Amino acid sequence: MKVLFVASEAYPFARVGGLSDVAYSLPKALRGLGLDVRVMLPKYGQIPPEYIAQVKHIANFIVPVGWRNQYCGIKYVEFEGIPYYLLDNEYYFKRHQYYGYYDDGERFAYFSRAILESIYYLEDFKPDIIHCNDWHTGIVPVLLKAHYSESDVHRKIKTVFTIHNLKFQGVFPKIVLGDLLSLGDEYYAEDKLKYYDGISFMKGGIIYSDKVTTVSKTYAEEIKTPFYGEGLHGLLEGIGDKLVGIVNGIDYDFYNPETDKDIYINYDINSFDKKRQNKVMLQKDLKLEIGEDIPLIGLVSRLTSQKGIDLILAVLEDILRTGAQFVVLGTGEKNYEDSFKYFAFKYPSQMAAIIDFSDSMAKKIYASSDMFLMPSLFEPCGISQQVAQRYGSLPIVRETGGLKDTVTPYNEYTGEGNGFSFTNYNAHDMLHVIEYALSIYKDKDRWNSIVRQAMEVDHSWNASAKEYLLLYESLLID
């Protein structure tokens, strides 16, 4: 079986959010099951030069983008055994950022059409399935059916569309239909691409793909409701069994406290003392009060309202009054960045705010923290809570989406659990759970037992990759 996995970003070439991790680790896991999975993404100007130096030019051709004829080059490179195709057009992709431009609709209309055109030129690889991800490639299934139904190369291709975050839908003016996609006005209909007064690439992927997945079972149910459905809840409810929830995993080679070169001291489930040494060394580096028994709460996140930052700031001083330390790493909305910097200035021995993003520092926080805070308003899957468990930092989460699916709250009567959780989106409910976790932390034997249970959870891609394999197979049955 041959699968072309198409995405707007993929580690290690382009990394903005969780999609890039999935676009690396899921194909890797599927190849381990014997599938020929290859990844296709834009050749951005920010791709590190060490990878660009390895690329091989395969072909170049012209891509129709409405009335425009645009150049595309196919570059090939392998990383850790995974074949990657980088689609090259400097006008669209040699820019300072990946997203956020006035012509993003044109950029990813081009990318989507280029994906389908490139298949003519992949001599040793004709996909059975194209696996599309988020709005950037949501229009691929639409274009496949509209423009390639008579192509012998494309006719039998099936499509899977994965929703990683429904909030971002790729909504553009109606003129895009003809001007960029070469589609007629008949596509401006409620049962096709019409979304209020525009068109939605996300909606196109949902309607025209053969199967729709999202990144956790709970999120698959949540998005059928008005609160989480972002205006598409009726459509998602209506497609029934076509929508499937498969929880994301994490790459256990990349996230491994036994071998991770980015943390201070390697450790495993049998050496918690070394984890505590990581904490002391982070405290030194961040100029916090040093003490291995001082509870340390970590936060590695985009600083946006989706991530529950409002809740944290509402009770941050209450959290610090418990004696716990708090370390935040991330960037985002300026008011949140400024607020965290203010509290770090006010409480220098208890709090550090690193308004930046660094994989190395993120891993140090996972390895050093005792608890990891994720009070998200909504969270399709979430990777950070899984990484935290892998590193023995107990997640404190709101019960939503993938957080609910991956964190089992501690039960003091049975001893079961691998984290802590609260249900309502309420700052004081969160504070109460943090205080409860801190009370458990004082009992080292009980705490270590929960940490052990967290580290024993299998969040690798093994089970989820098998679910995707079964889903692919179901599409290829005549």
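This is a predicted model: local features need pLDDT of at least 70, side-chain atom pairs count only at pLDDT 80 or more; totals for chains, interfaces and linings use all residues.
Residues are numbered from 1 along each chain as its sequence is written, and side-chain values use heavy atoms, with hydrogens and water left out.

Tyr121 is partly exposed, with a relative accessible area of 33%; here buried means under 20% relative accessible area, exposed over 50%, and partly exposed in between (1.4 Å probe, protein chains only). Together with Tyr120 and Val153, Tyr121 forms a nonpolar patch on the surface, with about 240 Å² of accessible area. Such areas come from the Shrake-Rupley method with a 1.4 Å probe, and for residues only the protein chains shown count as cover. Patches are made of residues with over 30% relative accessible area and no salt bridge: like charges are joined within 9 Å, nonpolar side chains (Val, Leu, Ile, Met, Phe, Trp, Tyr) within 5 Å.

Now step back to the whole chain. The domain assignment gives domain 1 (2-249 + 462-476) and domain 2 (272-458), with bounds that come from an automatic or database domain assignment. The contact takes 18 residues from domain 1 and 16 residues from domain 2, where contact means heavy atoms within 4.5 Å. Taken over C-alpha atoms, the centres of domain 1 and domain 2 are 33 Å apart. UniProt, in an unreviewed entry, places the feature "domain: Glycosyl transferase family" at residues 287-450; its positions are given in the numbering used here, feature names are shortened, and annotations may be inferred rather than shown by experiment. That span is 43% helix and 16% strand, and its end C-alpha atoms lie 29 Å apart.

UniProt's unreviewed entry also places a "binding site" at Arg15. Look for Arg15 in the loop between β1 (2-6) and α1. Arg15 counts as partly exposed, at 24% relative accessibility. Leaving aside residues up to four places away in sequence, Arg15 touches Glu9, Ser20, Asp21, Tyr98, Phe254, Tyr255 and Asp359.

Next come the charged pairs. Side chains of opposite charge can pair when their charged atoms come close. A salt bridge is a side-chain nitrogen of Lys or Arg within 4 Å of a carboxyl oxygen of Asp or Glu, and by this rule the count comes to 29 salt bridges. In one of them, the side chains of Asp253 and Lys28 meet at 3.1 Å, N to O. Asp253 lies in the loop between β12 (243-245) and α11 (272-285) and Lys28 in helix α1 (residues 18-32), so this pair ties together parts that are 225 residues apart in sequence. Asp253 counts as exposed at 57% relative accessibility, and Lys28 as partly exposed at 22%.

Another salt bridge joins Glu317 and Lys346, whose closest N and O atoms are 2.8 Å apart. The pair links distant parts of the chain, with Glu317 in helix α12 (residues 309-321) and Lys346 in helix α13 (residues 334-346), 29 residues apart. Finally, salt bridges that share partners join Lys28, Glu80, Asp251 and Asp253 into one network.

Definitions and conventions
Helices (H or I, at least four residues) and strands (E, at least two) are DSSP runs, numbered from the N terminus.
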